[in-house]
Amino acid sequence: MHHRWVLARRSLARPEEIAYYLAFAPTETDVSELVRVAGSRWAIEECFQTAKNECGLDQYEVRRYIGWYRHITLAMLAHAFRRTPPAH
């Protein structure tokens, strides 16, 4: 059985700011696990922001799905190769 969860996170730097997260998880899920997963969202968002800046995604205007799909695929592929650390 699953439940809907609402997590609220207050910023330490700006206590007036509260971020809310909606989750749908099994009933037996620990709150610590929900917090861990919600926190991993920031790493993913930073990756997308970096890709947008480095690969030109922030300057592309989407007109049709096919054009967007091709552009995002090539841009993310370029980003993956650029971010790969050199082999030693």
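**Exercise 1. Which residues form a nonpolar patch on the surface, and how much accessible area do they have together?**

Before starting, note that this is a predicted model, in which local features need pLDDT of at least 70, side-chain atom pairs count only at pLDDT 80 or more, and totals for chains, interfaces and linings use all residues. Residues are numbered from 1 along each chain as its sequence is written, and side-chain values use heavy atoms, with hydrogens and water left out.

*Solution.*
- Step 1: Apply the patch rule: residues with over 30% relative accessible area and no salt bridge, where nonpolar side chains (Val, Leu, Ile, Met, Phe, Trp, Tyr) are joined within 5 Å and like charges within 9 Å.
- Step 2: The patch consists of Val 6, Ile 18, Tyr 20 and Leu 22, with about 470 Å² together. Areas follow the Shrake-Rupley method with a 1.4 Å probe, and for residues only the protein chains shown count as cover.
- Step 3: Strand β2 (residues 18-26) gives the largest share, three residues, while Val 6 sits in strand β1 (residues 2-10). Strands (E, at least two residues) and helices (H or I, at least four) are DSSP runs, numbered from the N terminus.

**Exercise 2. Find the salt bridges of the whole structure.**

*Solution.*
- Step 1: Look for a side-chain nitrogen of Lys or Arg within 4 Å of a carboxyl oxygen of Asp or Glu. Side chains of opposite charge can pair when their charged atoms come close.
- Step 2: The search gives two salt bridges.
- Step 3: One joins Arg 14 to Glu 17, with the closest N and O atoms 2.6 Å apart. Arg 14 has a relative accessible area of 45% and Glu 17 has 38%, so each counts as partly exposed (buried is under 20%, exposed over 50%, partly exposed in between; 1.4 Å probe, protein chains only).
- Step 4: Glu 33 and Arg 36 also form a salt bridge, at 2.8 Å from N to O. Both belong to helix α1 (residues 31-55) and lie three residues apart, about one turn of the helix.

**Exercise 3. Is Thr 29 buried or exposed, and what is it in contact with?**

*Solution.*
- Step 1: Locate Thr 29 in the loop between β2 and α1.
- Step 2: Thr 29 counts as buried because its relative accessibility is 16%.
- Step 3: Leaving aside neighbours within four places in sequence, Thr 29 is in contact (heavy atoms within 4.5 Å) with Trp 5 and Leu 34.
- Step 4: The side chain of Thr 29 also reaches the backbone oxygen of Pro 26 at 2.9 Å.

Technical notes
A polar contact is a pair of N or O atoms within 3.5 Å; within protein, one must be able to donate a hydrogen and the other to accept it, and residues adjacent in sequence count only if both atoms are side-chain atoms.
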